[in-house]
Amino acid sequence: AEEDSIIGNQAGDFTATENIYAGYVMGSVDFNRLRVVGGVRIEHTDYNTEGNQLFLIDGDLDSITTASGKNAYTDILPALTLRYEAAEQLVFRAAASRTIFRPNIADSVARVEIEENEDGELSGVFGNADLKPYRSINLDAGVEYYPTRLSLISAGLFYKSIDDFVVNADLGGQGAY
């Protein structure tokens, strides 16, 4: 069990450092019944990770080496919101924005665990520091009707387009690993 403990500890031993530098500018203006709010956020991300690469043969530890990775990216994230008061009890809203969501740490840390079975077949679990964040474009529209001071009837629609999904995949038979 000692070797299993070493394998488990080394496979899960990593460091990750993420520095995010950001700035935001926002402004609003009213045109009679229309309020326009716009802004832009600029973010720069620096990501560094170190971990271990384990190679096992038939479940026994063969070697441990150091693995590392880094990533850096900059995103410009604009947003625009419109609010139009058509009547005292009727409000229309619309918004457009661009957003990001960073990958999970467990998916992006530098770690590799490769096992070779008795038939010479390889299997592995990898982290990938080069993963891109999920990036989305978001559109929202809504209408609100206030029949009384204490009631609301509303409806909304949204559209979201997301790029750079992170998925776990079985790549068996598609290369060395």
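Modeller: A residue counts as buried under 20% relative accessible area, as exposed over 50%, and as partly exposed in between. The model is a predicted one.

Colleague: With that rule, is Glu18 buried, partly exposed or exposed?
Modeller: The relative accessibility of Glu18 is 35%. That value falls between the limits of 20% and 50%, so Glu18 counts as partly exposed.

Colleague: Which residue forms a salt bridge with Glu18?
Modeller: A salt bridge needs a side-chain nitrogen of Lys or Arg within 4 Å of a carboxyl oxygen of Asp or Glu. For Glu18 the closest N and O atoms are 3.8 Å apart, and the partner is Arg102.

Colleague: How many residues apart in sequence are the parts that this pair, Glu18 and Arg102, ties together?
Modeller: Glu18 lies in strand β1, whereas Arg102 is in the loop between β4 (90-101) and α2 (105-108). The pair therefore ties together parts of the chain whose separation in sequence is 84 residues.

Colleague: Is Arg102 buried or exposed?
Modeller: Arg102 has a relative accessibility of 18%. The limit for a buried residue is 20%, so Arg102 counts as buried.

Colleague: What are the strands of Arg135 and Asp75, and how many residues apart are the two?
Modeller: Arg135 and Asp75 form a salt bridge, with the closest N and O atoms 2.6 Å apart. This pair links distant parts of the chain, since Arg135 is in strand β7 and Asp75 in strand β3 (residues 60-87), and the two are apart by 60 residues.

Colleague: What is the N to O distance in the salt bridge of Glu85 and Arg83?
Modeller: Glu85 is partly exposed, at 29% relative accessible area. Arg83 is partly exposed too, at 28%. Their side chains meet with an N to O distance of 3.6 Å.

Colleague: Which residues do salt bridges that share partners join into one network?
Modeller: Side chains of opposite charge can pair when their charged atoms come close. Here, salt bridges with shared partners make one network of Glu18, Arg41, Glu43 and Arg102.

Colleague: How many salt bridges does the count come to?
Modeller: The 4 Å limit between nitrogen and carboxyl oxygen decides what is counted. By this rule the number of salt bridges is 8.

Colleague: With which side chain does Ser136 make a polar contact at 2.5 Å?
Modeller: Ser136 is in strand β7 and counts as buried at 7% relative accessibility. Its side chain makes a polar contact at 3.2 Å with the side chain of Asn138. The contact at 2.5 Å is with the side chain of Thr99.

Colleague: What distance separates the C-alpha atoms of Val143 and Phe92?
Modeller: Val143 is found in strand β7 and is partly exposed, with a relative accessible area of 29%. Phe92 is 51 residues from Val143 along the chain, yet their C-alpha atoms are separated by 4.5 Å.

Colleague: What accessible area do Ile137, Leu139 and Tyr159 have together?
Modeller: Leu139 is in strand β7 (residues 134-145) and is partly exposed at 40% relative accessibility. Together with Ile137 and Tyr159, Leu139 forms a nonpolar surface patch whose accessible area is about 300 Å².

Colleague: What is the phi of Asn32?
Modeller: Most residues other than glycine have a negative phi. Asn32 lies in the loop between β1 (15-31) and β2 (34-57) and counts as exposed at 81% relative accessibility. Asn32 is not a glycine, but its phi is positive, at about 55 degrees.

Colleague: And what value is the phi of Asp164 near?
Modeller: Asp164 is in the segment after β8 (153-163) and is partly exposed, with 30% relative accessible area. Its phi is also positive in a residue other than glycine, near 65 degrees.

Colleague: What pattern does the protein follow along the sequence?
Modeller: The protein has 2 helices and 8 strands. Of its 177 residues, 21% count as buried. Read along the sequence, the pattern is α-β-β-β-β-α-β-β-β-β.

Definitions and conventions
Residues numbered from 1 in each chain as written. Predicted model: local features only at pLDDT ≥ 70, side-chain atom pairs only at ≥ 80, totals over all residues. Heavy atoms only, no water. Patch = residues over 30% accessible without salt bridge, like charges linked within 9 Å, V, L, I, M, F, W, Y side chains within 5 Å. Areas by Shrake-Rupley, 256 points an atom, 1.4 Å probe, with all protein chains shown as cover. Helix = DSSP H or I, 4+ residues; strand = E, 2+ residues; numbered from the N terminus. Buried < 20%, exposed > 50% of the residue type's maximum accessible area, 1.4 Å probe, protein only. Polar contact = N/O pair within 3.5 Å; in protein donor to acceptor, adjacent residues only side chain to side chain.
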